[in-house]
Amino acid sequence: MAEITLKGASMTYPNGTKALTSVDLTVRDHEFLVLLGPSGCGKSTLLRLVAGLEKPTEGEVLFDGKVVNDLEPLKRNVAMVFQSFALYPHLNVYKNMAFPLKSMKLKPEEIQRRVEEAAKILDIEHVLNRRPRVLSGGQRQRVALGRAMVREPVVFLLDEPLSNLDVKMRLELRDQIVSLHKRLGTTFLYVTHDQAEAMQLGDRLAVMDTGRIVQIGSPQEIYDHPNSLYVADFIGAPKMNFFAALLRADGPNWSVRLLGREMPLPPERIDQDAALAPGMRVVVGVRPEDFALSRREDAYAAAVGQVMPMGATQHVEAYVGNQRFLVSLNSHTPVCEGDTLRLEVDPHTVHLFAAEGGQNLLLPPRKGGKA
């Protein structure tokens with residue numbers, strides 16, 4: 001198959017727009033890596049560099065250690081699947097899927113074998129004689145996937161392929177894409193702005209911001225320990241709660257004031273390489289699910305605002321004084337607007353970011369929640 005490497009890859013368009021800046025990235029052989037970020041962050045441009053549709057203005061693109069900057073797309077043996085289905089309306093499904101194979105001048109029996117095999121895997125055998133206009137959106141996207149599959153590429157490049165589908169169909173095709181990757185064992189590079197989609201699909205995520213990769217790791221690693229305020233704000237639904245605070249020191253021990261109470265920070269999570277200073281402005285991050293109901297006398301007394309049922313959970317708008325934040329509770333927990341909740345937070349689950357620069361000042365928690 002193929003390992004993809006970008007070394008110092010930058011892309012500046014003739015009008016001066018800088019789409020990518022010194023990107024270093026390795027997509028391992030057989031890996032499913034997701035490029036995640038908001039619109040305009042450079043993810044699709046990066047994908048186009050790998051495909052050979054764009055050439056970096058600086059840096060290198062390598063396949064299995066070989067520089068391919070000047071190698072045309074057809075010779076890279078990659079297949080792309082786009083947001084738009086891009087099917088030929090006058091051809092039936094079989095002919096749409098067979099089209100790239102005819103241009104490769106394969107024998108008819110080989111074309112038939114590949115098309116029928118891909119159709120079976122994607123569960124579209126029964127629509128091979130139909131034209132795209134009579135297919136559902138999900139079926140059309142499976143045809144587009146099948147057209148890429150039949151080429152037997154070493155790399156699959158997928159650019160927001162599920163964005164045009166309804167929620168039910170997106171969920172079904174996510175599962176199918178995961179199964180497809182496991183079955184083919186091919187390198188997948190997938191672009192999306194949907195963090196839930198990224199978390200489900202990727203072996204690893206590369207989070208992007210304004211043309212740079214700002215964090216790479218497994219979905220769980222990035223969720224548990226975002227390295228910056230930007231990543232923390234982007235990953236998680238509902239979003240992480242942020243509280244402005246000042247860092248306090250008592251000898252070797254550090255603490256912050258959260259919702260009017262002093263919270264000691266676990267010594268084992270303090271990053272000794274971080275430039276900490278008493279009085280430093282910081283941002284405390286607490287995920288909604290890390291607030292827990294408590295019977296302790298020193299628990300936070302939070303007034304309940306809006307309650308938003310979400311099926312298995314409910315998102316509760318809570319207030320301590322004028323500070324608003326969200327809490328995620330089990331849907332079976334009885335709670336109504338106007339109630340008072342008693343809440344606590346395990347200090348081992350909090351995140352701490354520098355107000356200036358946004359970097360995470362704590363070490364990652366150990367498995368099991370505590371460092």
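**Before you start**

This is a predicted model: local features need pLDDT of at least 70, side-chain atom pairs count only at pLDDT 80 or more, and totals for chains, interfaces and linings use all residues. Residues are numbered from 1 along each chain as its sequence is written, and side-chain values use heavy atoms, with hydrogens and water left out.

**Stop 1: salt bridges**

A salt bridge here is a side-chain nitrogen of Lys or Arg within 4 Å of a carboxyl oxygen of Asp or Glu. That rule gives a count of 19 salt bridges.

Select Arg-281 and Glu-356. Their closest N and O atoms are 2.6 Å apart, in a salt bridge. Arg-281 sits in strand 15 (residues 281-286) and Glu-356 in the segment after strand 21 (351-354), so the pair ties together parts 75 residues apart in sequence. Strands (E, at least two residues) and helices (H or I, at least four) are DSSP runs, numbered from the N terminus.

Now colour by accessibility. Buried means under 20% relative accessible area, exposed over 50%, and partly exposed in between (1.4 Å probe, protein chains only). Arg-281 is partly exposed at 45%. Glu-356 is exposed at 59%.

Next, select Glu-344 and Arg-296. This salt bridge has its closest N and O atoms 3.3 Å apart. The pair links distant parts of the chain, 48 residues apart: Glu-344 is in strand 20 (residues 340-345), and Arg-296 is in the loop between strand 16 (291-293) and strand 17 (300-309). Glu-344 is partly exposed, with a relative accessible area of 25%. Arg-296 is partly exposed at 47%.

For a network, select Glu-110, Arg-113, Arg-114, Glu-117 and Glu-152. Salt bridges with shared partners join these residues into one network.

Then pick Lys-239 and Asp-233. The closest N and O atoms of this salt bridge are 3.8 Å apart. Lys-239 is partly exposed at 48%. Asp-233 is partly exposed too, at 31%.

**Stop 2: Leu-293**

Go to strand 16 and select Leu-293. Its relative accessibility is 42%, which counts as partly exposed. What does Leu-293 touch, not counting residues up to four places away in sequence? Leu-293 has Leu-329, Thr-333, Leu-341, Arg-342, Leu-343 and Glu-344 in contact (heavy atoms within 4.5 Å). Glu-344 is back in view here. Leu-293 and Glu-344 are 51 residues apart in sequence, and 6.4 Å apart in space, C-alpha to C-alpha.

**Stop 3: aromatic pairs**

Show the rings of Phe, Tyr and Trp (its six-membered ring); two of them pair if their centres lie within 6.5 Å. Planes under 30 degrees apart count as stacked, over 60 as edge-to-face and the rest as tilted. The count comes to eight aromatic pairs.

Select Phe-242 and Phe-353. The pair is edge-to-face, at 6.3 Å centre to centre and 70° between the planes. Phe-242 is in strand 11 (residues 241-246) and Phe-353 in strand 21, 111 residues apart. Phe-242 is partly exposed at 27%, whereas Phe-353 is buried at 0%.

Move to Phe-243 and Phe-325. This aromatic pair is edge-to-face, with 5.9 Å centre to centre and 65° between the planes. Phe-243 lies in strand 11 and Phe-325 in strand 19 (residues 323-330), so the pair ties together parts 82 residues apart in sequence. Both Phe-243 and Phe-325 are buried.

Finish with Phe-32, Phe-156, Phe-188 and Tyr-190, which form one aromatic cluster.

**Stop 4: Ser-328**

Return to strand 19 and select Ser-328. Ser-328 is buried, with a relative accessible area of 14%. Leaving out residues up to four places away in sequence, Ser-328 touches Pro-238, Pro-288, Glu-289, Phe-291, Gln-314 and His-315.

**Stop 5: the largest pocket**

A pocket is an open set of points on a 1 Å grid over the protein atoms alone, where a 1.4 Å probe fits, with protein on both sides within 12 Å along at least five of seven lines. Lining residues have an atom within 4 Å of a point. Grid points are joined across faces, edges and corners, and a volume is the space filled by probe spheres set on the points.

The largest pocket holds about 610 Å³ of space. Select Leu-74, Val-78, Met-80, Pro-100 and Arg-151: of the 22 lining residues, these are the closest to its centre. Strand 6 (78-81), helix 2 (93-103) and helix 4 (137-149) each give two or more residues to the lining. Strand 6 gives the most, with four residues. The lining divides into 17 nonpolar, three polar and two charged residues. Here Ala, Val, Leu, Ile, Met, Phe, Trp, Tyr, Cys and Pro count as nonpolar, Asp, Glu, Lys and Arg as charged, and the others, Gly among them, as polar.
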